[in-house]
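Let's take a walk through this one together, a piece at a time. Have the sequence and the 3D view ready, and we'll start from a single pair of residues.

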Amino acid sequence: MTSLLVIIVLVLLGIAIWQLTKIFHLTQIGSAYAHDKAMAQVANDRDNNVNGYLMFAFVGFIYVFTIFSLWKWGHLVLGTPASEHGPEIDRLMAISMALIFFVQTITQFLLHYFAFKYRGKQGNVAYYYADNDKLEFIWTIIPVIVLAGLILYGLYAWTNIMFIDDKDENAVYVEVYAKQFSWEVRYAGPDGALGKANVRYIEGVNTMGVDMSDPNAQDDVTSTELHLPKGKKVIFKFRSQDVLHSAYMPHFRAQMNVVPGMVTEFGFTPTLTTDEMRQDPAIMKKVAHINEIRSKKSSELVAKGETALEPYTFDYLLLCNKICGQSHYNMQMKIVVEDEADFKKWLGGKETLAAAVKKSKETPAEAPAGEAAPAKPADSAAVKTDSTMVAQVIKK
Ligand SMILES: [Cu+2]
């Protein structure tokens with residue numbers, strides 16, 4: 001990779017030097033030798049014709065390549081949305097893309113056609129044309145109206161999607177915690193309120209730094225797999241332990257930056273369970289294709305005496321979408337969407353964080369007595385930015 005970059009840099013450097021010497025020759029027009037040389041470089045009618053037709057060829061290439069791309073890679077788009085607001089985002093995207101496609105097809109054609117029509121001719125002098133108010137008005141007002149409509153529609157969709165009712169008692173509250181290079185989640189438990197947390201409380205099994213003295217934290221449940229109930233509003237609170245991450249759930253058309261020192265939020269309602277999504281024709285096709293590649297690879301591996309690859313099954317994923325360090329590419333977590341009853345059963349079967357912390361403290365090897373209580377933050381001013389815990393710390 002590095003050698004390829006070095007070669008590219010050397011080639012570009014060569015082109016730059018070549019261009020510089022050409023400019024130098026053109027500036028030496030005074031001498032007879034340089035004059036002849038410079039005149040040979042001035043385009044004649046044949047050159048102008050070639051360039052004019054090349055313009056046509058280029059616009060043709062753009063059209064053909066666009067159609068080819070749609071045919072070849074069109075299936076790589078996100079597919080069926082699995083959240084309530086998903087179709088709204090897809091519609092906005094489709095309208096924007098259709099408009100861009102329509103405008104670019106016409107403007108690219110006009111641009112290249114005029115470059116051909118008004119190509120240079122020897123002895124031709126450019127026609128001086130000052131301005132045309134009517135034309136300028138038309139090509140200003142049309143984009144203004146179209147863009148204003150698009151922006152207003154976008155803002156309307158955005159405020160609808162981003163509206164979060166923090167008092168919603170029917171919603172499931174989940175904290176998504178990012179760190180280099182993994183995710184953890186915390187459920188609010190039956191009280192529907194997440195306990196406060198701060199990086200200074202991280203200790204042993206309390207890997208998310210939950211303040212165990214907060215009454216709201218007593219029923220909180222942590223997990224390394226994100227389970228969501230179908231048809232229920234889920235409100236996410238995002239926190240980061242170290243650097244900037246971005247929680248990306250492409251199937252649900254959801255993405256939110258995860259910023260150290262603050263809590264960001266997003267909410268959506270899943271509409272398709274994992275099992276239902278596995279029955280989606282596009283997903284089934286994709287999975288079949290992946291398994292075809294895998295089985296080929298497996299037979300190669302078996303021939304070499306190695307173990308075969310397991311067949312792939314579809315799962316929703318939470319991915320990190322901010323380059324956050326060396327293993328960023330592998331920072332992901334499985335998402336399981338299930339019916340509410342199954343979700344409740346799963347959550348109910350999990351041990352609360354409070355119980356896990358208590359258990360770990362009873363084992364003397366892990367946490368010697370006296371060191372169990374998390375240290376009080378020395379500088380509470382520095383903690384103020386972390387809104388999940390401020391009140392609790394300052395009160396102490
Ligand atoms: Cu990350």
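Predicted model: local features only at pLDDT ≥ 70, side-chain atom pairs only at ≥ 80, totals over all residues.

β1 is joined to strand β5, residues 234-240, by seven bridges, and the two run parallel. They belong to an open sheet of five strands, and if you read across it the order is β3-β2-β1-β5-β8, with mixed pairing. At the edges you'll find β3 (221-223) and β8 (264-268); each has a single partner strand, so one side of each has no neighbour in the sheet. Going from one strand to the next, the twist averages 25°.

Val 174 is a handy guide to the core as well. The largest nonpolar core has 43 residues, and Val 174 is among those with the most contacts inside it, along with Val 176, Trp 183 and Ile 335. Strand β1, residues 172-179, supplies the largest share of this core, with six residues.

Next, find strand β6, residues 245-249. Is β6 mostly covered or mostly open? Mostly covered: four of its five residues are buried. β6 pairs with β7 (residues 254-258) through five bridges, and these two run antiparallel. Met 249, for instance, has Ala 254 in β7 as its bridge partner. Together β6 and β7 make a hairpin with four residues between them, and in the turn Arg 253 has a positive phi of about 55°. β6 is also joined to strand β9 (residues 316-320), by two bridges, and that pair is antiparallel too. There, Tyr 248 stands opposite Leu 319 in β9.

Finally, a helix. α7 covers residues 281-303, which makes 23 residues, and it reaches 33 Å from its first C-alpha to its last, close to the 33 Å expected at 1.5 Å a residue. How many of the 23 residues of α7 are buried? The number is zero, so α7 lies largely in the open. As for helices in general, an α-helix has 3.6 residues a turn, so residues three or four places apart point the same way. After α7 comes Gly 305, with a positive phi near 85°.

Note on methods
Residues numbered from 1 in each chain as written. Buried ≥ 20, exposed ≤ 12 C-beta atoms within 10 Å, placed from the backbone. Pairing = 2+ DSSP bridges. Expected span 1.5 Å × (residues − 1). Core = buried A, V, L, I, M, F, W, Y, C linked by C-beta atoms within 7 Å. Axes fitted to C-alpha atoms, helices over the stretch in contact; angles between N-to-C directions.
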